[in-house]
Amino acid sequence: MKNTMKLKVELENGVRLLWPTPLFNKKFDETEAINKGLVRIIHEKERQDIGKKKSIIGGWHSSDDLHLWDFPEVKEILNFISTAITEITKTSAGVSDDKFSADMTYIAWANIIRNGGMHRMHSHPGSTWSGVYYVSSGIDGPVDDNNGQISFLDPRGAVEMIPTPGNPFGQPLNLPPEDGRIYCFPAWLKHMVYPYQGSQERITIGFNIRVENFNEFN
Ligand SMILES: [Fe+2]
């Protein structure tokens with residue numbers, strides 16, 4: 001297996017971008033019925049499962065076995081996650097998906113946060129990719145400031161120390177929650193979720209993928 005960086009980073013003007021970090025960002029279509037079913041399934045699980053601590057503050061984190069829950073809605077979400085993982089892996093590998101094979105193991109779980117709940121800053125050790133699918137953003141009006149937004153930190157240490165035109169270094173990237181959307185990113189990328197303020201619940205599905213035995217062929 002070659003160990004060369006293949007992300008496209010060469011610009012037309014002779015500048016090369018170093019250390020790019022891929023983020024998969026896609027809103028899946030026609031997810032209303034699936035999300036409605038998932039809300040019902042996740043509520044039922046919350047009644048049976050006291051949950052885990054993890055990064056959540058002011059909310060419920062299910063057991064890490066959502067991928068095994070036997071419901072058609074869960075299978076749909078696993079398909080969405082599979083799309084996300086295929087696309088982000090194609091980008092990191094620099095080859096199309098018919099040119100590689102890999103063993104991928106994954107876990108998934110559900111999160112519910114209610115008014116004031118958040119996820120503290122964390123990463124997902126032991127995994128290759130991590131991500132989140134929004135079942136219900138909980139936000140029914142205009143999105144205000146950082147309400148419930150996921151925030152990714154620039155992983156390059158102390159890069160905010162030097163003033164640079166355009167201020168491209170050291171800035172967090174905040175992205176809004178939206179029903180049916182997936183964000184998927186390297187598991188080492190530190191992230192948090194700003195406190196959610198709203199009268200409804202905010203329901204998401206988190207996932208971790210470990211990629212091993214990666215092989216490329218022609
Ligand atoms: Fe996370």
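Below is a short tour, starting with how to read the model.

## Ground rules

This is a predicted model, where local features need pLDDT of at least 70, side-chain atom pairs count only at pLDDT 80 or more, and totals for chains, interfaces and linings use all residues. Residues are numbered from 1 along each chain as its sequence is written.

## Helix α2

Helix α2 covers residues 72–93 (helices are DSSP runs of H or I, at least four residues, and strands are runs of E, at least two, numbered from the N terminus). Its end C-alpha atoms sit 31 Å apart, which agrees with the 32 Å its 22 residues should span at 1.5 Å a residue (1.5 Å times one less than the number of residues).

The buried residues of α2 include Phe80, Ile81 and Ile88 (buried means 20 or more other C-beta atoms, placed from the backbone, within 10 Å of a residue's own; exposed means 12 or fewer; partly exposed is in between). Pro72, Lys75 and Asn79, on the other side of α2, are exposed. Glutamate 87, also in α2, is partly exposed because it has 15 other C-beta atoms within 10 Å.

## The core

The largest nonpolar core has 35 residues, and Tyr133, Cys184 and Ile205 touch the most other members (a nonpolar core is a set of buried Ala, Val, Leu, Ile, Met, Phe, Trp, Tyr and Cys residues joined through C-beta atoms within 7 Å). Helix α2 gives the most to this core, with 7 residues.
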